[in-house]
Structures are given as structure tokens and as C-alpha cells.
Amino acid sequence: MSYDAIVIGGGISGCATAYYLSSAGHSVALIEKDSLAAHASGFAFGSLHTRFQPPPGSPPVEWFRAESIELHHELAEILPEQSGVGYHFVEKAGLVLAFDEAEAAQLKPSGIAGFLRDDWSEDRLDVRWLAYGEFSHIEARVSTDVIGALYLGGTREISPGGFANALWAAAESNGATLINAEVSEINLANGAVSGVTTTDGTISTDIVVLAAGAWSRTLLNQGSSTSHIDLPVFPLKGEILRYDLGDEPPLPVSLWWGSDYASSKPDGLLHVGTTHTDSGFDENPSDSGRGAIARSAEHALPFLAGKKVSQHTACLRPTSLDGLPIVGEMPDARGLIAATGGGPIGIELGPAIGKLAASIAVGQSGNSSRYREFSPARFA
């Protein structure tokens, strides 16, 4: 059994890689030991920043993020027809809350004007600073400790799990193959990829894209031919509480404050998060995480005190040593492409990670210098 490329990992980055490779006519196998979007891609919040144009001098990751958000919009137009799978991708305004004057100064439109797309006016995007009395008619249950909020009319919400499944269904329609097995080793011969060994046998290929999220480093370390290769990506636990509001109406907008957020989702629950915890590979929700989220939630939305938490979920987000995504060929391992490290914004970055990984895999990354900051070679 042989393929042009093998992708390891069924999250958004892996499914996006398989989609772009198969769309270009390459034979692709995606190997996933669990199910698609079984980990971080299935439990993430799924909020997308409004379209924006980073100002000159912005770090490459901001350009990468902007490119990925554009890809999200492009894919939303074509994936449902290509895949036959619809997924939640909707426009939903957001309020970014400020609890003090310092936060307000950072959020007022004069401070973010440089991040708006040149061809979109603020009026079209509907970006406005609102004092508390001005936004309370939108959502009156926000704490009176909030002094104001930035209103963003151009944000989107996505169902990450649905998105991953739509990407895969489109890839499958292009001829890609899903293999439900566990990879025990990535095989190298003379410094180049020769295939992978799984619980079902060995598969030959010259290209392996490692998109196994927080487990990418572990997979390399367990193989005899790759044990000398290090990929400094680590699990960062993020937890979400899902409140049943009972007779209370859902939030009409998404809310953000600091690194936390809240939004009513299609499952009828209010999702509130999150944590950023180094807990190793423990995927279990924690009492400490539950308490931290609840305190923050009740600070911003006092009416949540006493409300029922229907679900408490946790996932492990792949985060690199320097906080940047890792996309590129591994040093001393020709044909081994890393595609991970999206961290807390992995859902936003997923399409761009997949497209770049696919491009590098087939030697067509004409703009590789632009993405040099993301190369795993920076850790060598």
C-alpha cells in the first residue's frame, strides 16, 4: 500500500492538509487512531476574528492569522457543496468588554483602526465603541462593573467539529482515504521518510505530514528512527463550562473579556471559557478549572450565579515552545512536515496551517521566506 502523502491526525489542521493535497490531485491517506475532531478540534469554542489587515511591521503570525480567516470565509462558500456536509458558520456580533479605563483605551476603534481591512470601512464592519448605557440594550445582563465595550459586527462563529468533518468529506470525495489506526513509528531511511508503521501494518510514502496536535512530539519520541528528532510542542489544557440557562433567553452576541469568552451555541447551552493550564496529557476537566471559569463568568455575567452547568469539557491544545505555529519540513528528515502548534487560536489558524503544509509537502511553497518564522528548524 502506497500513497503520495500520509497525514497523521484528524483535527482541523490534518483534515485541511488532506483537503488541499487531494484537491491538487495527490493520493492521500489520513491516519487517525480515534475519530475525526476527537480532541481539541471537537471541543474548541470556535470564534473567528473579524477580517482584518495587519499594519506594516506586524509579526508574521498576524498575517498568517488574517490569511487563515480569509480561507475560512472562502471554504464556507464551497465546502458544503463539495462535501455534502453543512456546518455552523454564522455571523454573530461580539462585544469585547472593558472593566477599566486602561482596557477601554486599548479597545476603542482609534486603537484598532490599523487592523481593519483597507477596503472595508468601519461603517461596513460596524466597529463601534459603546459606553455601558449604549450596549445595555443589546445585552443588559452584563455586569455594571463593565464601563464599556467594543462592538464588532463582522465576527463569525464556527462549529469546529463540523468544519473538520466537512473538510474531510470533501477530501474523501477527491479520493483521499481514512485509515483508523494508531501510528507506532514514522519510518526514515537515509534521512528521508519511507513510510509509517501502524497497528495494521506498514504504508509506504515519501511525504508524512505530522498534524497530531499535542501528541506530535510523543509520536516522534516513540519511534526508533525518529527518536533523535525533537518537536517542542506541548499540551495546554483549555476547559469550557456549558450552562443551561433555563427560561433565560440566550445571549444575542458573543462576549469576550481578557482571555475569557461566552456565547450561546446551537446546542442550546451558553459556552463559557477558558483556562490555559499545563497539566500534561490529562484531558479530564478539573475542579480548579471549573472554579476559575465560574468566577470569571459571574464577574462578567452575574446572572449566571446559581445557574446549572450541564457540561464541563476539556481539551489539550498544541502549543509550541515560543507560542508560534510549527509548519515546515523537519531538519534531517526529508519529507517529514510538521503542521501543529496553533495553540489557543488553532481553529482560526487551521486552514492556513493545512494549506501551507500541503504546499511545502509538494515543494510549491513559493513564499517560504514569509513563513520562515514557523519552520521547525528554528528549534534546531
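I will start with a charge and a ring: K265 lies over the face of F45, at 4.4 Å from the ring centre. A charge counts as sitting over a ring if NZ of Lys or CZ of Arg is within 6 Å of the ring centre and within 35 degrees of the ring normal. R128 is placed over the face of Y151 in this sense, 4.5 Å from the ring centre.

Before going on, some ground rules. This is a predicted model, in which local features need pLDDT of at least 70 and side-chain atom pairs count only at pLDDT 80 or more, while totals for chains, interfaces and linings use all residues. Residues are numbered from 1 along each chain as its sequence is written, and side-chain values use heavy atoms, with hydrogens and water left out.

Next, the aromatic pairs. Rings of Phe, Tyr and Trp (its six-membered ring) pair if their centres lie within 6.5 Å; planes under 30 degrees apart are stacked, over 60 edge-to-face, and the rest tilted. How many aromatic pairs does this rule give? The count comes to nine aromatic pairs. For F64 and F374, the ring centres are 4.8 Å apart and the planes stand at 40°, so this pair is tilted. F64 belongs to helix 3 (residues 60-83) and F374 to the segment after helix 11 (346-361), so the pair links distant parts of the chain, 310 residues apart. Helices here are DSSP runs of H or I with at least four residues, strands are runs of E with at least two, and both are numbered from the N terminus. Are F64 and F374 buried or exposed? Both are buried, where buried means under 20% relative accessible area, exposed over 50%, and partly exposed in between, with a 1.4 Å probe and protein chains only. F64 and F374 also form one aromatic cluster with Y371.

Another pair is W215 with F281: the centres are 5.7 Å apart and the planes at 40°, so it is tilted. W215 is in the loop between strand 13 (208-210) and helix 9 (216-222), and F281 in the loop between strand 17 (270-273) and helix 10 (287-300), 66 residues apart. W215 has 23% relative accessibility and therefore counts as partly exposed. F281 is also partly exposed, because its relative accessible area is 40%.

Now to the strands. Two strands pair if DSSP finds at least two bridges between them. Strand 11 (residues 192-198) and strand 12 pair over four bridges, and T198 has G201 in strand 12 as its bridge partner.

Beyond residues up to four places away in sequence, N187 touches several others, including V196, T202 and S225, contact meaning heavy atoms within 4.5 Å.

Elsewhere, strand 14 (residues 233-244) pairs with strand 18 in the antiparallel sense over twelve bridges. Within that pairing, A314 in strand 18 is the bridge partner of E239. Strand 18 (residues 308-320) is mostly covered, with ten of its 13 residues buried.

Strand 14 is also joined to strand 17, by four bridges, and the two run antiparallel. Strand 16 (residues 260-264) pairs antiparallel with strand 17, also over four bridges. L270 in strand 17 is the bridge partner of Y243 and of S264. L270 and V272 point one way from strand 17, H271 and G273 the other way, and all are buried. In the hairpin of strands 16 and 17, with five residues between the strands, G268 takes a positive phi near 85°.

Last, D332, in the loop between strand 19 (326-329) and strand 20 (336-340). At 64% relative accessibility, D332 counts as exposed. Leaving aside neighbours within four places in sequence, D332 is in contact with G191 and H228.
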